Amino acid sequence: MKDILEELQARRENARLGGGETRIAAQHARGKLTARERIELLLDEDSFEEYDTFVAHRCTDFGMQGNRPYGDGVVTGWGTINGRMVYVFSQDFTVLGGSVSATHAAKICKIMDMAMQNGAPVIGINDSGGARIQEGVDSLAGYGEVFQRNIMASGVVPQISLIMGPCAGGAVYSPAMTDFIFMVKDSSYMFVTGPDVVKTVTNEQVTAEELGGASTHTRKSSVADGAFENDVEALAEVRRLVDFLPLSNREKPPVRPFFDDVDRVETSLDTLVPENPNLPYDMKELILKVADEGDFYEIQEEFAKNMITGFIRLEGQTVGVVANQPLVLAGVLDIDSARKAARFVRFCDCFEIPILTLVDVPGFLPGTGQEYRGVIKHGAKLLFAYGEATVPKVTVITRKAYGGAYVVMASKHLRSDVNYAWPTAEIAVMGAKGATEIIHRADLGDPDKIAAHAAEYEDRFANPFVAAERGFVDEVIQPRSTRKRVARAFAMLRNKKLQNPWKKHDNIPL
Amino acid sequence: MFDKILIANRGEIACRVIKTARKMGIRTVAVYSDADKQALHVQMADEAVHIGPPQANQSYIVIDKIMAAIRSSGAQAVHPGYGFLSENPKFAEALEAAGIAFVGPPKGAIESMGDKITSKKIAQEAGVSTVPGYMGLIEDADEAVKISGEIGYPVMIKASAGGGGKGMRIAWNDQEAREGFQSSKNEAANSFGDDRIFIEKFVTQPRHIEIQVLADQHGNAVYLHERECSIQRRNQKVVEEAPSPFLDPETRKAMGEQAVALAKAVGYTSAGTVEFIVDGDKNFYFLEMNTRLQVEHPVTELITGIDLVEQMIRVANGEALPFAQDDLKINGWAIENRLYAEDPYRNFLPSIGRLTRYRPPAEGALGDGVVRNDTGVYEGGEISMYYDPMIAKLCTWAPTRAQAIEAQRLALDTFEVEGIGHNLPFLSAVMDHPKFVSGDMTTAFIAEEYPDGFSGVALDEPARRRVAAACAAMNRVAEIRRTRVSGRLDNHERRVGENWVVQAGGEVPWPLVVKADHGGSTVTFEDGAALRVEGDWTPGDSLARMRVDGVPLVLKVDKITQGFRIRTRGADMKVHVRSPRQAELAALMPEKLPPDTSKLLLCPMPGMIVKVDVEAGQEVQEGQALCTVEAMKMENILRAERRGVVSRVNAGPGDSLAVDDVIMEFE
């Protein structure tokens, strides 16, 4: 018996060493941690329960039978983050370059199946050279199996991807279908085709970093939701994100003790909106002053900055925030900002996370650049997402809510539950100048008359009261009491029940 | 007494005057420009009159506009504050003509003290010590030596037309005086075409010490002792205190009596200040007289217990001073720190914008002292570019100087200002500077001690240990809270351990043990040293008021990944608190050097590009305009720092940029 126990111990130690000390040192030299070190940092201390430690591939081509390391390049299992269960897989670049074989994929599939059945998020740590070429189609089949599970798990359990090394070719499509992708600056990249192929096919010279580094995907492509300085920081921040998320669509979002006054009055918000309607202000100040403890987890911070998305807590409970940012492009809606917000709204709706919308939007961005690229369909995504969402929805209009953009931004007409407006709100079809030039086209030649008409229009519509008279705004509130009003609205909505008509699924304008 | 008084000023001084007027039962009228519509002084006053556009020369210093405001509001008296119209004889004259009381000195006194040469002459006649010198023309080197000997060495030999240090020599003996005269004369002739030379006493180790005087309309005049204002940056006072740590009672009395003599000589009434320069041997020389309330008057109020504004109003109302010279004693010590909207890390560049957070320390008792904060701003208010960048005067009083300094340290650490750059860290640094603490300073203090500007304070090891211990205790609270999230797997909760590794300010990490009990935590370092940490900090508090081994420690706290950004005592640092394993792995992470920005043009402020003057491939010369950024309605032209070739332009007109966004790149 003792021998057998020793044998187990020896095998385990062998497995834990992954690709061996030389490769571990090489991994460290690249500024990267090993698959197991990453799991250690992601999970609560000593909470990791590993499965399939001894799985090895079955490939016999190209001499592979002589190289059958334990684990087959991926570490899988479950553990806890602040006591809450999560499933995790972590590709081991030191073992066969973390390449995906049929068995490697099967390990991932196994824990994904468990996650769906048992209701807990899946966190995937990607660091892989790609398909195991020696296996050929078996490897591709493995990818396919993972993809299918990503799709099935979508909306059932949160899926989070960490890109902590290479992720190229077909491999990118698994993270692509998860809810969030985070990258590590300078040590991770993602692309469908690498720089060499790009050069051969298009003659374009580009580095891996330029083609698919963290900066590219957080600022240009919006593939990634965030990027961090290094592995340690990335894993700590994913732990922080998980604290905001429900474990599955069967659960309410988590609540945790909070140290903040629900009735906290912020007098400074009374002066947030400048007197001059053409001056910008920072909407993030409002978010931070409304949130519990000023804590805000921003998603896609670097992309489409005219729209802000992220998570806060109110009375300890997670709330998703969508806000126009007047500081950038006057907070206008365009293709990028509509797509960014739409995806975020749909994530929140999937997982019963209430949505707070802060509105200061002058309309949609005009121009051929937008129209040619289909702003109609992209804008419709946000409209669709808000309209179909059945979670509690609270909206605060701080200043402009013009035209179609007014309707899109969680208006009462899209079943928003409580819509507040600050006294500085202007809810109208468009700005006074534009409106006047249409209504009073006959007087266009007379600037005095036009100015008088504009003033008249402003008097009539540059306020929240016309909308309030019609009940499109439930209440006009003092800016200073926004936190209290919003928190109480969400408290009132805690037991909200709303169901959309049965359908196989909707047909959002993708 | 007056029923209604108008304050022809803005900012903290207007608020200061309103407070006293209210205490005296006098109604107040504020005036305000477009930029001050929502300013604190407007909110505090009983009524407010709009006087025009933001620019002071179109509002606050336009006599006609103030006179109109007086008429429309029916004010019977005007307090001018400092600056603006406070020392303008024409304003005093206009008020006199209109039969309105001016809370300040008579026109004649303003006029005679407003002129450097006249004031010096009057001072000399009144027996006030002035810098000895010879104003007449000096014929030759022999005469120069003779005059120098009469004045007493060291002397300064200056060209009449001089400037920028040219034609200026310091001589310590006859030999140097002879040579200095000749070389100054030659230089002056060459540089200015005017070789006239004069000689005056060179004041060594100069300190700026001034005497507060108060005089009524019945011939009574007293001095309220001195203020030391030697801590200055480019002639702008930064720290003031009363009394001076340098003066002895004899010197104080001599200075005070001369100041009173001068006040009497010019028929002075109201509050005024006689400024002296004092050398290392306590010789003092008259500089000038300020015929108004000084910015730094609160320190005098704190040590004498006299409300200067109240006395000014009473004097203006014709009342006699209710005290005599013998009644005026020095009680304890007071220090004033001027909080400026200036970024000390960017060479004290003025900073404007919205005060997203403004929480001054509570007024009243603090430690062994008392806090007073004279301010004209509030959270959510706007610091505009039109006026003086001073936003508050933080004063502390205590029985001794050391206690007053300690109270300042705590008060500065408790002061929260966000949204704009400010000099709080610099003030904290001065409060901890050995030279300031010992009282051994001259007007050259800042120039000598911070020759390359200010780049923050590096705490010494004992201080860093205290911060580390406090952060470890705070982190424990934050981590325990994280484990209380709902949805936990029963019986598999996370337990927060006692072993942590703290890395404060990028230094070598310290492993330590945090043991908590009901009263606080005991933090033990590897060498066995233990610190007791107490405090009621909870996550989200931006200020942590801790006690470490019974000594107060106030930290400004921002959450960062695995730790806190801490600001205290002029230091600004990241403090990481990690489990031993986390720390071990964090040590493997590569150190990332900040990107080389020397070949980039970065946007210096949030703003919009209005114009780009160059294009890719173009060669630019040093100083050439590259683009224009509009920020806060101001157009800022960004220029090339050196010769180079533009390789790429990343932004175009209409683009909104954040601070440090890359506008263009150079080859």
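Visitor: In which loop of chain B is B:Pro243 placed?

Guide: This is a predicted model, in which local features need pLDDT of at least 70, side-chain atom pairs count only at pLDDT 80 or more, and totals for chains, interfaces and linings use all residues. Residues are numbered from 1 along each chain as its sequence is written, chains are lettered from A and ligands numbered from 1 in the order in which they are written, and side-chain values use heavy atoms, with hydrogens and water left out. Helices (H or I, at least four residues) and strands (E, at least two) are DSSP runs, numbered from the N terminus. In these terms, B:Pro243 is placed in the loop between strand 12 (236-242) and helix 9 (249-265) of chain B.

Visitor: What is omega for the peptide bond from B:Ala242 to B:Pro243?

Guide: The bond that leads from B:Ala242 into B:Pro243 is cis. A cis peptide bond also joins B:Tyr153 and B:Pro154, with omega about -5 degrees, and B:Pro154 belongs to the loop between helix 7 (141-151) and strand 7 (155-163) of chain B. For B:Ala242 to B:Pro243, omega is near -5 degrees.

Visitor: What is phi at B:Asn235?

Guide: B:Asn235 occupies the loop between strand 11 (221-233) and strand 12 of chain B. The residue is not a glycine, yet its phi is positive, at about 65 degrees.

Visitor: In what order do the 8 strands of the chain B barrel close?

Guide: Strands of a sheet pair through backbone hydrogen bonds, either parallel or antiparallel. Two strands count as paired if DSSP finds at least two bridges between them. In chain B, 8 strands close into a barrel with antiparallel pairing, in the order 25-26-27-28-29-30-31-32.

Visitor: Which residue of strand 30 stands opposite B:Ala544?

Guide: Strand 29 (residues 543-548) and strand 30 (residues 551-560) of chain B are antiparallel partners over 6 bridges. Within strand 30 of chain B, the residue opposite B:Ala544 is B:Leu555.

Visitor: Which strands are at the edges of the parallel sheet of chain B?

Guide: An open sheet of 5 strands in chain B has parallel pairing and the order 3-2-1-4-5. Inside it, 4 bridges join strand 1 (residues 4-7) to strand 2 (residues 27-32) of chain B, and B:Ile5 has B:Thr28 as its bridge partner. The edge strands, each pairing on one side only, are strand 3 (47-50) and strand 5 (101-102) of chain B.

Visitor: At what angle to strand 1 does helix 3 of chain B run?

Guide: Helix 3 (residues 63-73) of chain B lies across strand 1, strand 2, strand 3 and strand 4 (77-79) of that chain. Contact here means heavy atoms within 4.5 Å. Relative to strand 1 of chain B, helix 3 runs at about 155 degrees.

Visitor: How much area do chain A and chain B bury between them?

Guide: At the interface, 45 residues of chain A are in contact with 37 residues of chain B. Buried area is the accessible area (1.4 Å probe) that two parts lose on being put together, summed over both. Carbon and sulfur atoms carry 54% of it, and the total is about 3,500 Å².

Visitor: How many salt bridges cross the interface of chain A and chain B?

Guide: A salt bridge is a side-chain nitrogen of Lys or Arg within 4 Å of a carboxyl oxygen of Asp or Glu. One such pair is A:Glu40 with B:Arg581, at 2.8 Å from N to O. Across the interface, the count is 8.

Visitor: Which element gives the largest share of the side of chain A that touches chain B?

Guide: The elements that give two or more residues to this side are helix 3 (35-42), strand 2 (74-81), strand 3 (84-91), helix 10 (231-242) and helix 11 (283-290) of chain A. The largest share, 7 residues, comes from helix 10 of chain A.

Terms used:
Axes are lines fitted to C-alpha atoms, for helices over the stretch in contact, and angles run from 0 to 180 degrees between N-to-C directions.
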